[in-house]
Amino acid sequence: MTGDQPRGRLLQKEVQMSDWSRLPDLAARQVGGSVLDANDEFFAERENLIKDEAPAYRPHTFTNKGQEYDGWETRRRRDGSPGPDWALIRLGIAGVPAGIVVDTAYFVGNYPPEVSVAGACVPGHPTVEELLSAPWHPILARSPIKGDTRNEFEVSGERRITHVRLNMHPDGGIARLRVHGIAVPDPQWLDDIPFDLIALRHGGRVLDCSDGFFSPPNNMLQPGISRFMADGWESRRRRDDGNDWATVALAAEATPSVLDLDTTHYKGNAPARISLDGYTTENQPVPLLPPTLVQPDAPHRFRLHSGPAVNRVRLNVFPDGGIARLRLFGPLTDAGRRQMHDRFTATTPGH
(Lines give C-alpha, C1' and ligand atoms only; values in the text may rest on other atoms or scores of the structure.)
Protein backbone atom coordinates (compact mmCIF):
# COMPACT_ATOMS: atom_id res chain seq x y z
CA MET A 1 0.00 0.00 0.00
CA THR A 2 1.46 3.33 -1.01
CA GLY A 3 1.88 6.27 1.35
CA ASP A 4 -0.55 6.55 4.24
CA GLN A 5 -3.73 6.11 2.19
CA PRO A 6 -6.51 4.66 4.39
CA ARG A 7 -7.60 1.10 3.75
CA GLY A 8 -10.30 0.94 1.06
CA ARG A 9 -9.89 4.54 -0.13
CA LEU A 10 -8.63 3.30 -3.51
CA LEU A 11 -11.92 1.57 -4.26
CA GLN A 12 -14.01 4.46 -2.98
CA LYS A 13 -12.49 6.57 -5.74
CA GLU A 14 -13.41 4.01 -8.39
CA VAL A 15 -17.16 3.78 -7.93
CA GLN A 16 -19.96 5.94 -6.64
CA MET A 17 -22.33 4.03 -4.42
CA SER A 18 -25.33 5.30 -6.39
CA ASP A 19 -24.06 3.32 -9.39
CA TRP A 20 -23.66 -0.05 -7.66
CA SER A 21 -26.45 -1.69 -9.69
CA ARG A 22 -24.25 -1.36 -12.80
CA LEU A 23 -21.45 -3.33 -11.21
CA PRO A 24 -21.07 -7.04 -11.98
CA ASP A 25 -22.72 -9.67 -9.81
CA LEU A 26 -19.74 -11.23 -8.04
CA ALA A 27 -21.76 -14.31 -7.02
CA ALA A 28 -23.38 -15.19 -10.37
CA ARG A 29 -23.14 -18.76 -11.58
CA GLN A 30 -22.02 -17.54 -15.00
CA VAL A 31 -18.84 -16.02 -13.53
CA GLY A 32 -18.07 -19.10 -11.43
CA GLY A 33 -20.15 -18.60 -8.28
CA SER A 34 -21.30 -21.65 -6.34
CA VAL A 35 -23.58 -22.36 -3.37
CA LEU A 36 -21.36 -24.66 -1.34
CA ASP A 37 -23.67 -25.64 1.50
CA ALA A 38 -26.80 -24.77 3.44
CA ASN A 39 -28.08 -25.92 6.80
CA ASP A 40 -31.45 -26.81 5.24
CA GLU A 41 -32.99 -26.95 1.75
CA PHE A 42 -36.02 -29.10 2.39
CA PHE A 43 -38.43 -27.41 -0.03
CA ALA A 44 -36.16 -25.89 -2.70
CA GLU A 45 -32.50 -26.28 -3.59
CA ARG A 46 -29.84 -23.80 -2.53
CA GLU A 47 -28.29 -23.72 -6.03
CA ASN A 48 -31.27 -21.70 -7.27
CA LEU A 49 -30.01 -18.66 -5.35
CA ILE A 50 -27.36 -17.73 -7.95
CA LYS A 51 -29.02 -18.85 -11.18
CA ASP A 52 -28.38 -16.32 -13.92
CA GLU A 53 -31.96 -16.13 -15.17
CA ALA A 54 -34.71 -14.21 -13.39
CA PRO A 55 -36.95 -16.17 -11.01
CA ALA A 56 -39.94 -17.91 -12.59
CA TYR A 57 -43.17 -19.34 -11.23
CA ARG A 58 -44.95 -22.37 -12.55
CA PRO A 59 -48.32 -22.88 -10.85
CA HIS A 60 -49.43 -26.32 -9.73
CA THR A 61 -45.94 -27.83 -9.90
CA PHE A 62 -46.27 -29.97 -6.79
CA THR A 63 -43.72 -32.48 -5.61
CA ASN A 64 -44.08 -34.81 -2.64
CA LYS A 65 -42.88 -31.86 -0.53
CA GLY A 66 -45.41 -29.32 -1.87
CA GLN A 67 -45.38 -26.47 -4.40
CA GLU A 68 -41.96 -26.19 -6.03
CA TYR A 69 -40.47 -22.70 -5.90
CA ASP A 70 -37.64 -21.26 -8.01
CA GLY A 71 -35.36 -20.36 -5.13
CA TRP A 72 -33.94 -21.64 -1.85
CA GLU A 73 -36.54 -22.63 0.74
CA THR A 74 -36.10 -24.20 4.16
CA ARG A 75 -38.63 -26.02 6.33
CA ARG A 76 -40.55 -24.27 9.11
CA ARG A 77 -38.60 -24.29 12.36
CA ARG A 78 -40.41 -26.11 15.17
CA ASP A 79 -37.62 -27.03 17.57
CA GLY A 80 -36.81 -23.57 18.89
CA SER A 81 -33.14 -23.98 17.96
CA PRO A 82 -31.12 -20.74 18.02
CA GLY A 83 -29.61 -19.03 15.02
CA PRO A 84 -30.78 -18.44 11.45
CA ASP A 85 -30.97 -20.70 8.42
CA TRP A 86 -27.94 -20.09 6.24
CA ALA A 87 -26.41 -20.69 2.81
CA LEU A 88 -22.69 -20.52 2.08
CA ILE A 89 -21.71 -19.05 -1.31
CA ARG A 90 -18.31 -18.92 -3.00
CA LEU A 91 -18.04 -15.81 -5.14
CA GLY A 92 -17.07 -16.34 -8.75
CA ILE A 93 -15.23 -13.01 -8.58
CA ALA A 94 -13.45 -12.00 -5.39
CA GLY A 95 -13.95 -8.34 -4.56
CA VAL A 96 -15.54 -5.63 -2.42
CA PRO A 97 -19.38 -5.61 -2.32
CA ALA A 98 -21.20 -2.35 -2.97
CA GLY A 99 -24.82 -3.55 -3.17
CA ILE A 100 -26.84 -6.62 -2.18
CA VAL A 101 -30.11 -7.79 -3.75
CA VAL A 102 -32.24 -10.31 -1.86
CA ASP A 103 -34.99 -11.20 -4.30
CA THR A 104 -38.06 -12.89 -2.82
CA ALA A 105 -39.97 -13.14 -6.13
CA TYR A 106 -43.10 -15.32 -5.74
CA PHE A 107 -42.39 -16.01 -2.07
CA VAL A 108 -45.45 -14.41 -0.47
CA GLY A 109 -46.47 -16.39 2.60
CA ASN A 110 -43.15 -18.13 3.07
CA TYR A 111 -40.38 -15.49 2.92
CA PRO A 112 -38.13 -14.69 5.91
CA PRO A 113 -39.00 -11.50 7.82
CA GLU A 114 -35.32 -10.58 8.14
CA VAL A 115 -31.98 -11.38 6.49
CA SER A 116 -28.31 -10.65 7.07
CA VAL A 117 -25.15 -11.22 5.02
CA ALA A 118 -21.59 -11.83 6.20
CA GLY A 119 -18.34 -12.04 4.24
CA ALA A 120 -14.98 -13.78 4.56
CA CYS A 121 -11.70 -13.69 2.66
CA VAL A 122 -10.18 -17.17 2.59
CA PRO A 123 -7.42 -17.82 0.06
CA GLY A 124 -6.96 -21.01 -1.89
CA HIS A 125 -9.65 -23.69 -2.11
CA PRO A 126 -11.10 -24.06 1.41
CA THR A 127 -13.49 -26.81 2.44
CA VAL A 128 -16.91 -26.07 3.88
CA GLU A 129 -15.61 -26.99 7.34
CA GLU A 130 -12.72 -24.55 6.99
CA LEU A 131 -15.07 -21.80 5.87
CA LEU A 132 -17.51 -22.33 8.72
CA SER A 133 -14.68 -21.83 11.20
CA ALA A 134 -13.15 -18.87 9.34
CA PRO A 135 -13.45 -15.28 10.63
CA TRP A 136 -16.56 -13.59 9.19
CA HIS A 137 -17.48 -9.92 9.22
CA PRO A 138 -20.87 -8.29 8.62
CA ILE A 139 -21.69 -6.94 5.17
CA LEU A 140 -25.42 -6.41 5.72
CA ALA A 141 -26.73 -6.17 9.27
CA ARG A 142 -29.93 -7.98 10.18
CA SER A 143 -32.56 -6.15 8.11
CA PRO A 144 -36.29 -6.53 7.41
CA ILE A 145 -37.38 -7.55 3.90
CA LYS A 146 -40.63 -7.86 1.97
CA GLY A 147 -42.09 -10.79 0.08
CA ASP A 148 -42.26 -10.99 -3.72
CA THR A 149 -39.82 -8.04 -3.90
CA ARG A 150 -36.32 -7.17 -5.07
CA ASN A 151 -35.00 -6.05 -1.69
CA GLU A 152 -32.02 -3.82 -2.50
CA PHE A 153 -29.36 -2.79 0.01
CA GLU A 154 -26.48 -0.41 -0.57
CA VAL A 155 -23.50 -1.57 1.48
CA SER A 156 -20.20 0.09 2.24
CA GLY A 157 -17.14 -2.00 2.85
CA GLU A 158 -13.39 -1.84 2.51
CA ARG A 159 -12.57 -5.56 2.58
CA ARG A 160 -12.02 -7.98 -0.25
CA ILE A 161 -14.15 -11.10 0.20
CA THR A 162 -14.14 -14.51 -1.45
CA HIS A 163 -17.26 -15.98 0.20
CA VAL A 164 -20.59 -14.77 1.59
CA ARG A 165 -22.97 -16.30 4.09
CA LEU A 166 -26.65 -15.48 3.57
CA ASN A 167 -28.73 -15.78 6.73
CA MET A 168 -32.53 -16.01 6.95
CA HIS A 169 -34.03 -15.07 10.30
CA PRO A 170 -35.45 -17.55 11.17
CA ASP A 171 -36.43 -19.54 8.04
CA GLY A 172 -38.33 -19.28 4.73
CA GLY A 173 -37.58 -18.82 1.04
CA ILE A 174 -35.43 -16.54 -1.13
CA ALA A 175 -35.45 -16.67 -4.92
CA ARG A 176 -32.12 -15.03 -5.80
CA LEU A 177 -29.10 -13.38 -4.20
CA ARG A 178 -27.05 -10.80 -6.10
CA VAL A 179 -23.76 -9.39 -4.79
CA HIS A 180 -22.77 -6.39 -6.90
CA GLY A 181 -19.29 -5.03 -6.39
CA ILE A 182 -15.76 -4.21 -7.53
CA ALA A 183 -13.47 -7.08 -8.51
CA VAL A 184 -10.12 -7.28 -6.73
CA PRO A 185 -7.95 -10.00 -8.33
CA ASP A 186 -4.96 -11.54 -6.58
CA PRO A 187 -1.83 -9.93 -8.12
CA GLN A 188 0.07 -13.24 -8.00
CA TRP A 189 -1.74 -14.08 -11.26
CA LEU A 190 -0.67 -10.99 -13.21
CA ASP A 191 2.19 -12.87 -14.85
CA ASP A 192 2.83 -16.17 -16.64
CA ILE A 193 -0.73 -16.54 -17.97
CA PRO A 194 -2.64 -14.28 -20.41
CA PHE A 195 -4.15 -11.38 -18.48
CA ASP A 196 -7.41 -10.04 -19.92
CA LEU A 197 -7.40 -6.30 -19.21
CA ILE A 198 -11.20 -5.99 -19.26
CA ALA A 199 -12.43 -9.28 -17.77
CA LEU A 200 -15.03 -8.85 -15.04
CA ARG A 201 -13.02 -11.06 -12.72
CA HIS A 202 -9.97 -8.81 -13.10
CA GLY A 203 -11.80 -5.56 -12.43
CA GLY A 204 -12.91 -4.58 -15.92
CA ARG A 205 -16.46 -3.25 -16.21
CA VAL A 206 -18.69 -1.25 -18.51
CA LEU A 207 -18.96 2.36 -17.39
CA ASP A 208 -21.62 3.45 -19.84
CA CYS A 209 -23.24 2.48 -23.13
CA SER A 210 -25.54 3.95 -25.74
CA ASP A 211 -28.11 1.16 -25.50
CA GLY A 212 -28.60 -2.21 -23.81
CA PHE A 213 -32.17 -2.86 -24.79
CA PHE A 214 -31.95 -6.62 -25.40
CA SER A 215 -29.10 -7.49 -23.02
CA PRO A 216 -26.61 -5.52 -20.86
CA PRO A 217 -23.05 -4.78 -22.00
CA ASN A 218 -21.29 -6.33 -18.99
CA ASN A 219 -22.36 -9.69 -20.46
CA MET A 220 -19.62 -9.50 -23.09
CA LEU A 221 -16.94 -9.33 -20.37
CA GLN A 222 -18.01 -12.62 -18.75
CA PRO A 223 -15.76 -15.67 -18.75
CA GLY A 224 -16.18 -18.60 -21.10
CA ILE A 225 -17.95 -18.82 -24.41
CA SER A 226 -21.33 -17.25 -24.98
CA ARG A 227 -24.14 -19.75 -24.37
CA PHE A 228 -26.89 -18.09 -26.39
CA MET A 229 -27.81 -14.75 -27.93
CA ALA A 230 -28.98 -13.07 -24.72
CA ASP A 231 -25.67 -13.96 -23.04
CA GLY A 232 -23.90 -11.12 -24.89
CA TRP A 233 -24.56 -7.40 -25.38
CA GLU A 234 -27.22 -6.47 -27.92
CA SER A 235 -28.71 -3.08 -28.73
CA ARG A 236 -31.99 -2.34 -30.46
CA ARG A 237 -32.17 -1.47 -34.18
CA ARG A 238 -31.07 2.09 -34.83
CA ARG A 239 -33.22 4.26 -37.07
CA ASP A 240 -30.89 7.27 -37.19
CA ASP A 241 -27.41 8.08 -38.52
CA GLY A 242 -25.55 7.30 -35.28
CA ASN A 243 -23.89 4.20 -33.91
CA ASP A 244 -23.95 2.27 -30.65
CA TRP A 245 -21.01 2.16 -28.23
CA ALA A 246 -19.86 0.93 -24.84
CA THR A 247 -17.14 2.45 -22.64
CA VAL A 248 -15.18 -0.12 -20.66
CA ALA A 249 -12.84 0.48 -17.71
CA LEU A 250 -9.61 -1.53 -17.77
CA ALA A 251 -8.52 -3.37 -14.65
CA ALA A 252 -5.60 -0.91 -14.53
CA GLU A 253 -3.56 1.31 -16.84
CA ALA A 254 -2.08 -0.66 -19.75
CA THR A 255 -1.05 -0.52 -23.41
CA PRO A 256 -3.52 -2.81 -25.25
CA SER A 257 -2.09 -4.74 -28.19
CA VAL A 258 -4.67 -7.41 -29.13
CA LEU A 259 -8.48 -7.33 -29.25
CA ASP A 260 -10.61 -10.49 -29.31
CA LEU A 261 -14.20 -9.88 -30.37
CA ASP A 262 -16.78 -12.65 -30.77
CA THR A 263 -20.15 -12.39 -32.56
CA THR A 264 -21.18 -16.01 -31.90
CA HIS A 265 -24.99 -16.49 -32.06
CA TYR A 266 -25.44 -13.09 -33.72
CA LYS A 267 -26.26 -14.06 -37.30
CA GLY A 268 -28.82 -11.58 -38.62
CA ASN A 269 -28.02 -8.98 -35.99
CA ALA A 270 -24.22 -8.66 -35.85
CA PRO A 271 -22.64 -5.23 -36.39
CA ALA A 272 -21.36 -4.44 -39.87
CA ARG A 273 -18.18 -2.80 -38.52
CA ILE A 274 -16.50 -2.02 -35.21
CA SER A 275 -13.78 0.35 -34.02
CA LEU A 276 -11.91 0.81 -30.75
CA ASP A 277 -10.61 3.96 -29.08
CA GLY A 278 -8.63 4.27 -25.86
CA TYR A 279 -8.50 7.10 -23.35
CA THR A 280 -5.57 8.12 -21.18
CA THR A 281 -5.80 9.13 -17.54
CA GLU A 282 -5.82 12.73 -18.84
CA ASN A 283 -8.88 11.84 -20.99
CA GLN A 284 -6.95 12.11 -24.25
CA PRO A 285 -8.30 9.85 -27.05
CA VAL A 286 -6.04 7.17 -28.53
CA PRO A 287 -7.20 5.47 -31.78
CA LEU A 288 -6.54 1.74 -31.37
CA LEU A 289 -8.52 0.18 -34.23
CA PRO A 290 -10.10 2.02 -37.18
CA PRO A 291 -13.58 1.06 -38.46
CA THR A 292 -13.19 -2.58 -39.47
CA LEU A 293 -15.56 -5.13 -41.02
CA VAL A 294 -16.72 -8.01 -38.82
CA GLN A 295 -18.55 -11.22 -39.69
CA PRO A 296 -21.68 -12.65 -38.09
CA ASP A 297 -21.48 -15.66 -35.76
CA ALA A 298 -17.67 -15.69 -35.73
CA PRO A 299 -14.66 -15.03 -33.45
CA HIS A 300 -12.29 -12.21 -34.50
CA ARG A 301 -8.78 -11.17 -33.46
CA PHE A 302 -7.19 -7.80 -34.26
CA ARG A 303 -3.75 -6.27 -33.74
CA LEU A 304 -4.10 -2.79 -32.27
CA HIS A 305 -2.17 0.38 -33.06
CA SER A 306 0.52 1.14 -30.50
CA GLY A 307 0.24 4.36 -28.54
CA PRO A 308 0.25 5.82 -25.05
CA ALA A 309 -1.14 3.89 -22.10
CA VAL A 310 -4.90 4.01 -21.48
CA ASN A 311 -7.20 3.19 -18.57
CA ARG A 312 -10.46 2.73 -20.52
CA VAL A 313 -11.61 1.96 -24.04
CA ARG A 314 -14.68 2.70 -26.11
CA LEU A 315 -16.01 -0.01 -28.43
CA ASN A 316 -18.02 1.42 -31.32
CA VAL A 317 -20.41 -0.81 -33.28
CA PHE A 318 -21.75 0.38 -36.63
CA PRO A 319 -24.60 0.92 -36.67
CA ASP A 320 -25.93 -1.46 -34.00
CA GLY A 321 -26.12 -5.16 -33.17
CA GLY A 322 -24.73 -7.76 -30.80
CA ILE A 323 -21.33 -8.70 -29.35
CA ALA A 324 -21.02 -12.05 -27.57
CA ARG A 325 -17.62 -11.64 -25.90
CA LEU A 326 -14.88 -9.01 -25.75
CA ARG A 327 -11.29 -9.60 -24.61
CA LEU A 328 -8.39 -7.14 -24.51
CA PHE A 329 -4.74 -8.12 -24.02
CA GLY A 330 -1.56 -6.15 -23.49
CA PRO A 331 1.03 -5.30 -20.83
CA LEU A 332 0.19 -3.35 -17.72
CA THR A 333 2.23 -0.21 -17.16
CA ASP A 334 4.34 0.11 -14.03
CA ALA A 335 1.68 2.45 -12.65
CA GLY A 336 -1.05 -0.06 -13.54
CA ARG A 337 0.81 -2.89 -11.87
CA ARG A 338 1.23 -0.79 -8.70
CA GLN A 339 -2.47 0.01 -8.81
CA MET A 340 -3.36 -3.69 -8.92
CA HIS A 341 -1.05 -4.48 -6.00
CA ASP A 342 -2.29 -1.51 -3.97
CA ARG A 343 -5.93 -2.43 -4.57
CA PHE A 344 -5.32 -5.97 -3.32
CA THR A 345 -3.28 -4.85 -0.31
CA ALA A 346 -5.80 -2.17 0.66
CA THR A 347 -8.72 -4.61 0.76
CA THR A 348 -7.12 -7.83 2.01
CA PRO A 349 -6.33 -8.13 5.73
CA GLY A 350 -2.84 -9.46 6.43
CA HIS A 351 -1.27 -8.06 3.25
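How many positive and negative side chains does the chain have, and how far apart do the centres of the two sets lie? There are 40 positive and 45 negative side chains, with the two centres 1 Å apart. Lys and Arg count as positive and Asp and Glu as negative, while His and the chain ends are not counted; each charge is placed at NZ of Lys, CZ of Arg, CG of Asp or CD of Glu.

The model is predicted: local features need pLDDT of at least 70, side-chain atom pairs count only at pLDDT 80 or more, and totals for chains, interfaces and linings use all residues. Residues are numbered from 1 along each chain as its sequence is written, and side-chain values use heavy atoms, with hydrogens and water left out.

**Figure 1. Overall fold of the chain.** Three helices and 21 strands are present (DSSP runs numbered from the N terminus: helices H or I, at least four residues; strands E, at least two). The radius of gyration, taken over C-alpha atoms, is 21 Å, close to the 20 Å from the globule rule for 351 residues, so the chain is as compact as a globular protein of that length; the rule is 2.2 Å times the number of residues to the power 0.38. The C-alpha trace spans about 70 × 50 × 35 Å along its principal axes.

Figure 2. Asp-196 lies in the loop between β11 (176-183) and β12. Its relative accessibility is 6%, so Asp-196 counts as buried (buried, under 20% relative accessible area; exposed, over 50%; partly exposed, in between; 1.4 Å probe, protein chains only). A polar atom of the Asp-196 side chain is 3.1 Å from the backbone nitrogen of Ile-198. Beyond four places in sequence, Asp-196 touches His-202, Leu-326, Arg-327, Leu-328 and Phe-329, a contact being heavy atoms within 4.5 Å.

**Figure 3. Gly-212 in the loop between β12 and β13.** Gly-212 is placed between β12 (205-209) and β13 (233-234). Gly-212 counts as partly exposed because its relative accessibility is 33%. When neighbours within four places in sequence are set aside, Gly-212 is in contact with Trp-233 and Glu-234. Asp-244 is 32 residues from Gly-212 in sequence, and their C-alpha atoms are 9.4 Å apart.

**Figure 4. Phe-228 in the loop between β12 and β13.** Phe-228 belongs to the loop joining these two strands. With a relative accessible area of 42%, Phe-228 is partly exposed. Between Phe-228 and Thr-264 the C-alpha to C-alpha distance is 8.2 Å, at a sequence separation of 36 residues.

How values were computed. Polar contact = N/O pair within 3.5 Å; in protein donor to acceptor, adjacent residues only side chain to side chain.
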